[in-house]
Amino acid sequence: NLIHIFNDGYITGMSLLLPFIAADLDLNYTQSGFLKSAINGAISVAQIPAGLLSERIGEVLILGLGTAWFSLSYVAVFLASGYVLLLVLILLAGVGGGVYHPVGTALISNIFPAEKTASAIGTLNFFGDVGKILFPALTGLLVVAVGWRGSFVVLGCFGLVVSVLYLLFFRGEILR
């Protein structure tokens with residue numbers, strides 16, 4: 001559930017940073033809006049392969065690696081010096097972001113008995129909404145303190161720590 005907070009939080013928090021990015025990189029409205037479309041498109045496209053890959057390799061591992069990928073890509077946005085590189089980094093972030101929903105939902109469905117699946121998935125979805133509330137607030141504070149680039153780095157590093165801890169905590173499950 002903590003991973004879901006980061007996944008949905010990253011997507012929502014980026015929306016708040018777009019005006020700052022646009023001003024710094026001198027982007028027009030079309031370019032700025034396309035960045036949001038690009039991450040959502042990459043997330044959408046990545047979901048089916050992520051689901052298929054998790055069936056072969058394992059949901060726990062793919063969920064941790066997907067979050068790590070999303071977090072590292074989020075940190076890498078710091079390096080964007082222009083629109084093309086920024087777009088590539090945003091697309092890469094979206095690939096990592098596309099892992100959570102199909103894999104997390106499948107994991108919950110496989111863990112809980114059928115009569116408890118609906119409430120478990122409801123709880124899972126609740127935590128995604130927590131990310132949608134927390135991250136814009138946190139991002140608003142961070143952008144004032146460390147700028148838009150620093151915001152991506154701080155939030156990305158937090159997510160990276162969470163994903164590494166997740167992988168370490170569930171390493172026994174992964175190695176089975």
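Helix α3 passes α4 in a left-handed crossing, a crossing being left-handed if the near helix is turned anticlockwise from the far one by less than a right angle, and right-handed if clockwise. The model is a predicted one, in which local features need pLDDT of at least 70 and side-chain atom pairs count only at pLDDT 80 or more, while totals for chains, interfaces and linings use all residues. Residues are numbered from 1 along each chain as its sequence is written, and side-chain values use heavy atoms, with hydrogens and water left out. The helices named here are DSSP runs (H or I, at least four residues; strands are E, at least two), numbered from the N terminus.

The axes of α3 and α4 come within 7 Å and cross at roughly 160 degrees, where axes are lines fitted to C-alpha atoms, for helices over the stretch in contact, and angles run from 0 to 180 degrees between N-to-C directions. That angle makes α3 roughly antiparallel to α4, since angles under 35 degrees count as roughly parallel, over 145 as roughly antiparallel, 65 to 115 as roughly perpendicular and the rest as oblique. On the α3 side Gly66, Trp69, Phe70, Ser73 and Ala76 meet Leu89, Leu92, Ala93, Val95, Gly96 and Gly97 of α4, contact meaning heavy atoms within 4.5 Å. These contact residues divide into 7 nonpolar, 4 polar and no charged, where Ala, Val, Leu, Ile, Met, Phe, Trp, Tyr, Cys and Pro count as nonpolar, Asp, Glu, Lys and Arg as charged, and the others, Gly among them, as polar.

Helix α4 (residues 83–97) also packs with α2 (residues 29–57), at an angle of about 30 degrees and with the axes 7 Å apart, which makes α2 roughly parallel to α4. Here the crossing is right-handed. The α2 residues in this contact include Phe34, Ala38 and Ala42, and those of α4 include Leu87, Ile90 and Gly94; the residues of the contact divide into 14 nonpolar, 3 polar and no charged.

How many aromatic pairs does a search of the whole structure find? There are 11, rings of Phe, Tyr and Trp (its six-membered ring) being paired if their centres lie within 6.5 Å, with planes under 30 degrees apart counted as stacked, over 60 as edge-to-face and the rest as tilted. Phe6 and Tyr10 have ring centres 5.9 Å apart and planes at 75 degrees, so the pair is edge-to-face. Because they are 4 residues apart in helix α1 (residues 2–25), Phe6 and Tyr10 are separated by about one helical turn. Phe6 is buried at a relative accessible area of 9%, and Tyr10 is buried at 1%, where buried means under 20% relative accessible area, exposed over 50% and partly exposed in between (1.4 Å probe, protein chains only). Ring pairs link Phe6, Tyr10, Phe70, Tyr74, Phe135, Trp148 and Phe152 into a cluster.

Ala80, in the loop between α3 (59–76) and α4, is buried with a relative accessible area of 0%. Leaving aside neighbours within four places in sequence, Ala80 is in contact with Leu25, Leu85, Leu86, Leu89, Trp148 and Arg149. Glu59, found in helix α3, is buried with a relative accessible area of 17%, and, not counting residues up to four places away in sequence, Glu59 touches Ser54, Val103, Ala106, Leu107 and Asn110.
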